[in-house]
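Please consider the structure shown below. The paragraphs that follow lead through its helices and the surroundings of selected residues.

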Amino acid sequence: MGLFPDEGKSLPPPRIANRNSVWLAGVGWFSAMLHNAMNHRPPLKSGVHRQVLLATIGWFIGYHITKYENYTFARLDRDMNEYIRHHPEEFAEKEKKTFAEIVEPFHAVR
């Protein structure tokens, strides 16, 4: 079953560069640079393999968080639409008003 059920696998995959992936990749890269700086090493030049590794791990985690987020929102939308379909009396169409019926007449006060 994994992180989410099989019905979530029918959803389209998220984009490779999405909000969570980019953010968590930046957090991973920054944490590697912070580790270098705390150990009095040049932050950008030392441990490049760790920087790439932590950025890649952050990207991977962000991608799967986005997949789970998309599944959760799709499930909520499905449940909400199902409720609306079963209870149409609670979601009756309202009468349409024109803008002139809504706005009160304007009288300038000078």
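Leu 54 lies in helix H2, where helices are DSSP runs of H or I with at least four residues, numbered from the N terminus. Leu 54 is partly exposed, its relative accessible area being 31%; buried means under 20%, exposed over 50%, and partly exposed in between, with a 1.4 Å probe and protein chains only. The model is a predicted one, in which local features need pLDDT of at least 70 and side-chain atom pairs count only at pLDDT 80 or more, while totals for chains, interfaces and linings use all residues. Residues are numbered from 1 along each chain as its sequence is written, and side-chain values use heavy atoms, with hydrogens and water left out.

Helix H2 also holds Thr 66. Thr 66 is buried, because its relative accessible area is 7%. Beyond its neighbours within four places in sequence, Thr 66 is in contact with Pro 14, Asn 18 and Asn 20, contact meaning heavy atoms within 4.5 Å.

Asn 20 is in turn one of the buried residues of H1, which also include Ala 25, Gly 28 and Met 33. Helix H2 (48-86) is among the elements that cover them. At the start of H1, a side-chain oxygen of Asn 18 comes to within 3.2 Å of the backbone nitrogen of Asn 20.

After H1 comes His 40, with a positive phi near 55°.

Methods:
Helices (H or I, at least four residues) and strands (E, at least two) are DSSP runs, numbered from the N terminus. A polar contact is a pair of N or O atoms within 3.5 Å; within protein, one must be able to donate a hydrogen and the other to accept it, and residues adjacent in sequence count only if both atoms are side-chain atoms.
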